[in-house]
Amino acid sequence: MPELPEVEVTRLSFADHIAGARILAVEVGKPLRWPLGCEPKSLVGRTVLTVTRRGKYLLLNLDRGLLLLHLGMSGSLQFSDRLPPRGVHDHFELETSCGRLRLRDPRRFGAVVHAETLEAPVARKLLGGLGVEPLEARFEPLRFHQALRGRRASIKQVLLAGDAVVGVGNIYASEALFMAGIRPTQRADRLSKPRVARLHGAIVTVLRRAVALGGSTLRDFSSAEGQSGYFQLDAMVYGREGLPCRVCATPIKSIRQGQRSTFYCPQCQKA
DNA sequence: AGATGTCCCTGGAAGC
DNA sequence: TGCTTCCAGGGACATC
């Protein structure tokens, strides 16, 4: 279940290696979430210039057009010049002059989508509504507070919606709210500026820490099945229902918000 | 326009 | 042991 840190670490694991590579062949397995949007063969001969990221999307910027990759919740990428034969869960593969890029995604929530430019309708549809990048300078407490104005939904759900800030998934949302001492059910527009500032700091800290952890295990990461979990993230609340809070020992609570599980400490996150 | 619910998919865990 | 059921998740889409 890759969130922003996992996607970023994935990007770092192969971006430099694939830059400048020529696409020699394209292989597709079962359909993913959305159609590729072009004839696979039409990608042959193009060159991968750079790999960038927007939210949880990876962008393979080609000399003509681009590929938008999303890992869904069970997707992982491998890039190597020697990969074993494709398995049943390997649904997209680029053979390039520098190695093979393979997307494995058992649950097929992921996607590979071709767009001619960032302004193409399909790219605008997927990327257009995304909020600010949390690890860039434009993510800033006051602006974050403004983005929450008029949002009557719970802060947890607004975080997940991805239009105020991108990349915070279900796990890191719970973790960041715990770090900020904010109850996940609190209405987003009821949070004071200082509390939004705390949340802002918590989001940045949680995501940066996860990227650093992932970066430190990069060697394992690129060769593994991608199932190494959240970089052995030491969760403070996520998945710890009933277990004692690591700060105050109060049992962690689990609730559901918008069909998603949320974890929090009723003592450390009072409002 | 914002909020909420539904759906896609399948491996693994839990229940019988 | 072998079946069925439930759950996890991101995000587009439909509906209110």
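In this predicted model, the residues around DNA strand B are His89, Pro106, Arg107, Arg108, Phe109, Gly150, Arg151, Arg152, Ala153, Gln157 and Gln259. Sorted by class, the surface near DNA strand B comprises four charged, four polar and three nonpolar residues. Sugar or phosphate accounts for 56% of the atoms of DNA strand B that lie within 4 Å of the protein, and bases supply the rest.

| Residue | Protein atom | Distance to a phosphate oxygen of DNA strand B |
|---|---|---|
| His89 | polar side-chain atom | 3.3 Å |
| Arg108 | polar side-chain atom | 2.2 Å |
| Arg152 | polar backbone atom | 2.4 Å |

Chain A is assigned two domains: domain 1 covers 4-127 and domain 2 covers 141-264. Taken over C-alpha atoms, the centres of domain 1 and domain 2 are 27 Å apart.

The count of aromatic pairs is three. One of them joins Phe14 and Phe79, with 6.2 Å centre to centre and 40 degrees between the planes, and is tilted. Phe14 belongs to helix α1 (residues 4-18) and Phe79 to strand β5 (residues 76-80), so this pair ties together parts that are 65 residues apart in sequence. Phe14 and Phe79 are both buried.

Another aromatic pair, Phe139 with Phe144, is edge-to-face: the centres are 5.1 Å apart and the planes are at 65 degrees. Phe139 and Phe144 are buried as well.

Methods: Residues numbered from 1 in each chain as written. Chains lettered and ligands numbered in written order. Predicted model: local features only at pLDDT ≥ 70, side-chain atom pairs only at ≥ 80, totals over all residues. Heavy atoms only, no water. Phe/Tyr/Trp six-rings, centres within 6.5 Å; stacked < 30°, edge-to-face > 60°. Helix = DSSP H or I, 4+ residues; strand = E, 2+ residues; numbered from the N terminus. Buried < 20%, exposed > 50% of the residue type's maximum accessible area, 1.4 Å probe, protein only. Domains from an automatic or database assignment. Near = heavy atom within 4 Å. Polar contact = N/O pair within 3.5 Å; in protein donor to acceptor, adjacent residues only side chain to side chain. Nonpolar A, V, L, I, M, F, W, Y, C, P; charged D, E, K, R; others polar.
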